[in-house]
Each structure stands twice: as structure tokens, then as C-alpha cells.
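Please look over the structure below before reading on. The points that follow concern how its parts meet.

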Amino acid sequence: MEFKDNIPIYFQIEQYLYRQIAMGKLKAGEKIPSVRKLALELTVNVNTVQRALQEMNAQQILYTKRGEGNFVTEDTELLAKTKQSLIDNELDEFVQNMEKLGVKRQNLASTLEDYLKRSKDHE
Amino acid sequence: MTSFNTLFNRMFQEKSRTVYLIFLIQVFASFCFTIFAAFSLHGDFNVVNDTAKEAINPIIGSLAIFASIVLVTSFPANFIYWIVSSIRNEKINRSQTWRLIPISDTKFLLSNFGTAFLSYIWLEILEFVIVAITALPLFLSSGEIKTALGHANWKIDAQSCWQMLGALVLIILLGYAWYAIVSLLNLSSRSIIDFLPNGSNKFLIFVVRVITIVVVIWLLGYAGNALIGATNQILSLNISENMGMGPVLIQFLVFDAVLTLIDIFLLNKFVEAKQN
Amino acid sequence: MSKLLTVKDLTYKKNQKTILKDVNLNLTSGKIVALLGENGAGKTTLMRIIAGVAKNYKGTVNLEGATKEDERKAKLSFTDGLTGFSDSTKIKEVDRFYATIFQDFDENEFTELRKFMHLDPEMKLSQLSRGMREKLIIALTFARKTDLYLLDEPFGGIDAMARKKIINSIILWKDEKSTILISDHFVNEISSLLDEVVIVKDHTVLEHKSAEDVRQNHKTIEEYYESFYTDEDDE
């Protein structure tokens with residue numbers, strides 16, 4: 001995984017795990033990989049992974065079973081909320097980029113619709 | 001921390017390999033010489049004991065020849081060991097692998113000298129054992145030698161016993177002095193080379209080594225004389241014939257101790273492990 | 001974070017040339033720290049002095065209260081080029097040497113590390129490629145249980161797979177309390193791993209920062225490191 005420069009790595013690990021959960025690669029109630037496995041996978045310090053998991057525990061996205069590891073919460077409402085905030089983040093970025101290109105807010109929906117139609121024709 | 005015993009055992013193990021190698025070469029060479037000699041004698045082995053009346057068994061004769069060749073070759077073999085072990089000692093003194101061992105420089109140096117010397121004794125023992133074993137059949141088979149040994153005067157008085165012990169201690173002190181002097185030459189010249197600008201210049205290193213050797217030998221001669229003078233003066237009050245080798249042993253003991261102290265000082269303060 | 005290593009006012013000369021001047025460095029326990037600098041900047045010398053194999057320096061080095069060289073050697077594990085062994089020495093013989101000489105050498109752990117690195121105990125040192133040799137050195141260094149590990153250019157001149165193995169062994173075998181100091185002249189492969197960065201330049205420690213601080217200044221660790229050297233061209 002490539003890390004961005006100006007964001008703390010533990011935060012990027014959190015984002016990475018949120019995505020895994022949102023995409024359904026990690027399901028509700030499922031055990032997530034061990035700290036060391038994650039550290040290996042992402043080539044980061046074990047401490048950094050631990051910090052990310054702590055933060056996620058604090059946000060209750062994860063919960064810890066003693067001696068067993070970390071599990072994804074079974075609170076579906078919280079999961080939906082998390083997924084929604086991920087989607088919102090992506091859309092935020094999209095809107096900002098479009099505005100930079102001079103596409104006005106009121107025209108966004110039609111521009112997108114037009115695009116989707118064109119790309120469908122190409123298939 | 002690594003204990004002195006652990007390091008000593010380990011160093012001895014490494015150095016005894018050199019001993020085995022030299023010993024094997026020596027035995028193999030002696031074996032070749034023996035075969036050569038046996039052929040050139042055409043089966044007449046009485047050269048090994050010309051007082052024998054009956055013909056000597058070829059196997060006993062060959063073994064006796066082998067024993068005497070091992071005895072003769074032990075001089076060059078031991079000489080080679082002294083040279084090889086001195087080089088090995090100095091390599092260890094500057095090896096990062098060895099110098100990373102958590103032990104004081106004093107114990108490190110003493111272990112290095114001690115194991116080199118003990119390995120030498122080990123080589124001597126191996127040579128003695130093989131000579132004794134291969135010469136034994138001749139001694140047992142020959143009536144003349146048995147009677148000659150029987151008539152010999154085996155009584156040893158206290159005086160000669162002390163003298164033998166004194167000679168043994170002197171040999172140990174001399175052997176130790178050899179290693180201490182080689183280290184002094186290496187460590188002092190290395191300290192100077194590390195201090196001088198442009199220390200990696202091969203010619204400069206050569207010049208420093210030569211000058212160090214000359215200066216150290218001159219200093220040792222000078223110090224030796226002074227030491228002899230001083231001990232004689234101290235001991236002159238009660239010097240007597242009975243003391244025999246006493247003064248000489250004390251002189252060498254002091255000499256060895258002073259050299260060791262200088263070596264330890266150089267190793268501890270200046271001489272670092274080679275970068276690798 | 002407890003204090004681990006304190007280097008104070010360290011100056012070192014060899015052949016009348018200054019190699020290190022007024023070096024000050026403090027490390028706390030439980031960190032992965034990069035020691036970055038050009039070749040010849042003095043990284044190896046600094047490690048050798050900390051490890052107690054370079055002599056005749058001015059200043060003090062204190063490793064958890066140990067200031068004497070032999071005491072420091074017992075508390076740290078330094079990558080050694082294995083030059084004390086002849087080329088015909090087998091890996092298992094090197095293992096035995098370490099196991100008898102170092103009280104803190106864990107043979108089981110070495111076996112695990114050796115297997116992880118895919119090294120055959122019957123192989124002789126002369127048969128090892130540069131990458132394999134470096135992997136063996138790392139395995140031997142980590143098999144000792146110490147509070148400080150000094151890895152001197154562990155990634156120099158070896159292939160990508162060996163580098164990956166070594167990086168993974170750092171992640172897997174580092175225990176929480178110990179600190180690892182890694183010297184290198186380039187950083188990108190380990191940058192995500194680092195807690196702190198120490199820059200060595202002009203014979204001294206120029207800067208010592210946490211990796212997070214570097215990132216917060218909108219810089220990659222690489223850019224941060226390179227900035228010390230590009231300044232030079234502008235002058």
C-alpha cells in the first residue's frame with residue numbers, strides 16, 4: 001500500500017480498514033487480521049497498527065476480545081454510518097475537483113448523468 | 001557479559017584447529033619419509049638399534065623410524081606454529097567479530113595469549129604421544145634397551161626436580177613473552193598509523209612498521225638490561241647458590257607483566273577493530 | 001518512553017581527520033529510527049563507537065547507565081560482517097559461535113529467523129550471495145535479546161526480495177521495548193516503518209525528528225532527507 005505524505009500513517013491505516021469494511025472484505029462481527037499480519041501487509045511498524053486499532057476501538061468500529069484479537073462491530077447502524085461518511089468524503093473530493101474545472105454545482109448532476117450515459121454507450 | 005572461561009574455551013577451540021592441521025601435515029610428511037626410508041634400507045632395519053644381535057622386525061623398525069622423523073620434524077612444525085599462531089592472534093586483536101564480544105580488553109588479551117600458548121602445549125603433547133606410541137614396540141622388543149633402562153639411575157633429587165620445574169616455568173614465560181612482544185609490535189605500530197595523517201598509504205605503513213620494530217627491540221634490550229640490574233640489586237642482599245633460577249624467573253615474570261600491561265593499554269585505548 | 005541511549009559531545013578523529021564532531025543523540029526505547037546520511041558522513045563510525053569497537057573518542061556514550069565499552073557490548077546487538085570467520089565456515093558453526101559466546105543469543109529464535117530467511121545451516125559462508133549473507137547477519141543480530149539493535153546499511157547492494165525479507169523480519173521480530181537504529185543512504189523502502197529520523201551531515205547529527213513531524217510539514221521522509229543535500233547545490 002502506498003501512503004500519502006502529509007497524513008499520519010496510523011490515520012491512513014484506519015482509512016484502509018474502513019474501506020475494507022465498507023467494501024465487505026471485512027464483514028460485521030468478523031475477526032480482522034492480527035496486528036503483525038497487518039504490519040507485514042502494509043510494511044509499517046507494529047506500534048503504528050496498534051495505534052490505528054486503538055482509535056478504531058475508541059470509535060467502536062472494532063471491539064477487542066481478550067486473547068482473541070479485534071473484531072468488526074455488529075452494530076449495523078454504525079457500519080452504515082461509516083460507509084456513508086466514506087462515500088461523502090469521496091463525493092466531497094469529486095465536487096471540489098469539478099468546481100476547479102469550472103463545472104457549477106447546479107450542473108453537476110446533469111454532467112454526471114450525461115457522462116454515465118456516454119460511458120454506457122461505449123461498453 | 002561473556003565469562004573469561006567461555007571466551008578462552010572458544011578461542012582454544014579455534015586455535016586447536018591450526019594445531020590439528022599442522023600436526024596432520026607433519027604426520028603425513030613423516031609417513032612419506034618413513035616409506036621412502038624403508039625402501040632404501042632394503043629390509044635391514046638394524047640402523048634403528050645397531051646393538052641388536054637379531055634382525056629387527058620390519059614393522060617395529062618402520063615405526064621406530066617414523067618416531068624419529070616425527071621427532072625431527074617437530075622443530076620446523078613448532079616453528080611454523082609459532083609464526084601462524086602469532087599472525088592469528090593479531091588478526092583476532094583487530095577482528096570486529098571478536099572485539100564485539102562483551103568482555104574487558106584485559107581478559108580478551110590474556111585469553112588470546114593464553115590460548116595460543118596452550119594450543120602450542122597441545123601440539124607438543126600430540127607429538128610426544130605419537131612418538132612414544134610408535135617408539136614403544138622397539139623398546140619392548142629389544143632386550144638390550146630394556147636392560148640399559150633397568151640399569152639407569154632413576155633417582156632424582158630435590159635439586160634437579162626444582163631445576164626442571166624452573167626450566168619449565170622459564171619456557172612458559174619465554175613463550176608468553178614471544179606473543180606479548182609480537183602484539184606490542186603490532187599494536188604500537190597500529191596506534192601510530194591510526195594517528196598519522198594519510199594512514200592508508202602503504203609505504204607509510206611499511207616505514208612505521210619497520211621503525212617500530214627497531215625502536216621496540218632497542219627499548220626491550222635497554223629495559224631488559226635495566227631490569228636485570230634492578231633485580232640483581234634487590235636480590236643481592238640474600239643471593240645464594242640455592243636460589244638457582246629464581247632471579248631469572250622473577251626477571252622474566254616482571255618483563256612479561258610489563259609487556260602485558262602496555263599491550264592492554266594500547267588495545268584498550270587506541271587499537272580498534274577493523275571496519276568491515 | 002524511557003531513556004535508552006545518550007551520546008554526548010562526541011568527537012572522533014582518525015589519521016588527523018575529523019570524522020565526527022560534537023555529536024549529540026538521544027534515543028528512547030521501543031522505536032525504529034533511521035540514521036540517514038551520505039556515504040562517508042560518519043554513520044558507520046557513529047555505530048561503531050556506540051557499539052564499543054571504535055576507540056579513542058572524546059565525549060560520552062551512555063546505554064542504560066552503561067558507559068564502559070564492555071558493558072555496552074552486552075546491551076546491544078550490532079550487525080557484524082562476519083569477517084572473523086573463514087569462508088569455509090558453515091552457517092551452523094557461526095550459529096554455535098554466537099550461541100556459546102553471547103549469553104543473550106536465543107538459538108530457537110535464530111532457527112526461526114534462519115528458516116524465515118530460507119538459509120540452509122549446512123551452507124558455507126563462501127556459498128552465500130550478498131543478499132543471503134546480509135540475511136544471515138540480520139538473523140544473527142536479531143537472535144540476541146538486547147535493548148538496542150544497530151543495523152549498519154542492511155539494504156546495501158542486495159536484491160529487492162532480500163530487502164523485503166529483511167524489512168519483514170524487522171516488523172516480525174522487533175519486540176515492543178527494543179529500539180532499532182538503521183543506517184542507510186536512502187530511505188523510501190523503510191519510510192513507512194520509521195518512528196524517527198536522524199540526519200547525519202557535516203560530521204555531526206544535524207537533525208533528529210519524529211517521522212510524524214516530518215509528515216506534518218507536508219513532506220515525505222525522502223524529500224525531507226534530500227532537502228539537506230539540495231541546499232548545498234544552491235549555495
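How many residue pairs are in polar contact across the interface of domain 1 of chain A and domain 2 of chain A?

1. The model is predicted: local features need pLDDT of at least 70, side-chain atom pairs count only at pLDDT 80 or more, and totals for chains, interfaces and linings use all residues. Residues are numbered from 1 along each chain as its sequence is written, chains are lettered from A, and side-chain values use heavy atoms, without hydrogens and water.

2. Chain A has domain 1 (9-74) and domain 2 (77-121), with bounds from an automatic or database domain assignment. Their centres, taken over C-alpha atoms, lie 28 Å apart. In the contact (heavy atoms within 4.5 Å), domain 1 of chain A supplies 11 residues and domain 2 of chain A supplies 6.

3. The two domains bury about 710 Å² between them, 74% of it on carbon and sulfur atoms. Buried area is the accessible area (1.4 Å probe) lost by two parts on being put together, summed over both. In domain 1 of chain A, A:R19, A:A22 and A:I61 lose the most area to domain 2, together 51% of what that side buries.

4. To the opening question: the rule finds 2 residue pairs, both residues at pLDDT 80 or more. A polar contact is a pair of N or O atoms within 3.5 Å; within protein, one must be able to donate a hydrogen and the other to accept it, and residues adjacent in sequence count only if both atoms are side-chain atoms.

5. Between the domains there is 1 salt bridge (a side-chain nitrogen of Lys or Arg within 4 Å of a carboxyl oxygen of Asp or Glu). A:R19 forms a salt bridge with A:E90, with 2.5 Å between the closest N and O atoms.
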